[in-house]
Amino acid sequence: MKTLLLTLVLGCSTLLASAQFEVRPFIGANFSNVSKTPDGNDTRAKLGGQFGASVLIGNKLHLMPGIALFSRSTEYTNNVSNVKTEQNISGVIVPLLLGYRFMDPTTEPFLNFRIWTGPSVMFLTKTEFGNSETNEAVDWKNNQWGYQVGAGLDIAMVFVDLGYEVGLSEAGSLAEGVDTFTSIKNNTFFVNVGVRLSLSK
């Protein structure tokens, strides 16, 4: 057992010693809609935003954990009364992504194409509807899980990421007798633009 643990430690140390390290601050925009439109309503994704940073660890195959502050918004329109209201959420999101670069960054540092995927968790600081009656009917969750897939392009010190997050957690639970917002999850398209700050030797 000791021999196995020592081998694993030495293997990880060797991998980390040869790995590329990049800090990637970014700013971006998002459009968030719902997985299921409530009965009697139409929904429309509204413009939101995020800013934060990720750390890329590895060469072609790499890890990319990150953290960002975000704001997302979805508009609901009642088909009977034509009254519009917005669901607004904001907080901190922490994705843990596994990615792959198609070019070896040690031999081709200028241009690279990446794909990535992995889970994310949101810690919500604001969850509200513009309509106060709806707010009272829905007990919003303080955190939600999602799963992200996406692709990115690195050009010199600049990068662009396009991604989609599928909501895995329901947005909230309902007050007794309210069934309008059953099983709703938030799905989000997002784009980030940032810079690559290499920490490799």
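The accessible surface of this protein comes to about 11100 Å², and carbon and sulfur atoms account for 65% of it. The model is a predicted one. Of the 201 residues in the protein, 37% are buried.

**Fold**

The protein contains two helices and eleven strands. Along the sequence these elements follow the order α-β-β-β-β-β-α-β-β-β-β-β-β. Taking contacts between residues at least 6 apart in sequence, 67% of them join residues at least 24 apart.

**Cavities**

The count of cavities of 30 Å³ or more comes to three. The largest cavity holds about 260 Å³ of space. It is lined by 20 residues, and the closest to its centre are Phe 26, Pro 95, Gln 148, Phe 190 and Asn 192. The elements that give two or more residues to this lining are β2 (41-58), β3 (61-78), β4 (84-101), β8 (158-167) and β10 (186-195). Strand β3 supplies the largest share of the lining, with seven residues. Sorted by class, the lining of the largest cavity has 13 nonpolar, five polar and two charged residues.

| Residue | Strand | Relative accessibility |
|---|---|---|
| Gln 148 | β7 | 5% |
| Asn 112 | β5 | 4% |
| Gln 87 | β4 | 3% |

Buried means under 20% relative accessible area. Gln 148 has a relative accessible area of 5%, so it counts as buried. Asn 112, at 4%, is likewise counted as buried, and so is Gln 87, at 3%.

**Gln 148**

Gln 148 sits in strand β7, which spans residues 143-155. Gln 148 is also one of the residues closest to the centre of the largest cavity. Its side chain makes a polar contact of 3.1 Å with the side chain of Glu 165. Apart from residues up to four places away in sequence, Gln 148 touches Ile 93, Pro 95, Leu 97, Trp 116, Thr 117, Gly 118, Ser 120, Tyr 164, Glu 165 and Phe 190.

**Asn 112**

Asn 112 belongs to strand β5, residues 111-129. The side chain of Asn 112 has two polar partners in the backbone, described here in turn. A polar atom of this side chain lies 3.4 Å from the backbone nitrogen of Phe 102. The side chain also reaches the backbone oxygen of Met 103, at 2.8 Å. With neighbours within four places in sequence set aside, Asn 112 is in contact with Arg 101, Phe 102, Met 103, Asp 104, Pro 105, Gly 152, Leu 153 and Asp 154. Phe 159 is 47 residues away from Asn 112 along the chain, and the C-alpha atoms of the two are separated by 9.3 Å.

**Gln 87**

Gln 87 lies in strand β4, one of the elements that give two or more residues to the lining of the largest cavity. Beyond its neighbours within four places in sequence, Gln 87 is in contact with Val 34, Arg 72, Ser 73, Thr 74, Tyr 76, Glu 128, Phe 129, Trp 140 and Asn 186.

Definitions and conventions. Residues numbered from 1 in each chain as written. Predicted model: local features only at pLDDT ≥ 70, side-chain atom pairs only at ≥ 80, totals over all residues. Heavy atoms only, no water. Buried < 20%, exposed > 50% of the residue type's maximum accessible area, 1.4 Å probe, protein only. Polar contact = N/O pair within 3.5 Å; in protein donor to acceptor, adjacent residues only side chain to side chain. Contact = heavy atoms within 4.5 Å. Areas by Shrake-Rupley, 256 points an atom, 1.4 Å probe, with all protein chains shown as cover. 1 Å grid on protein atoms, 1.4 Å probe; cavity = no way out; pocket = protein on both sides within 12 Å on 5 of 7 lines; lining within 4 Å. Points joined across faces, edges and corners; volume = space filled by probe spheres on them. Nonpolar A, V, L, I, M, F, W, Y, C, P; charged D, E, K, R; others polar.
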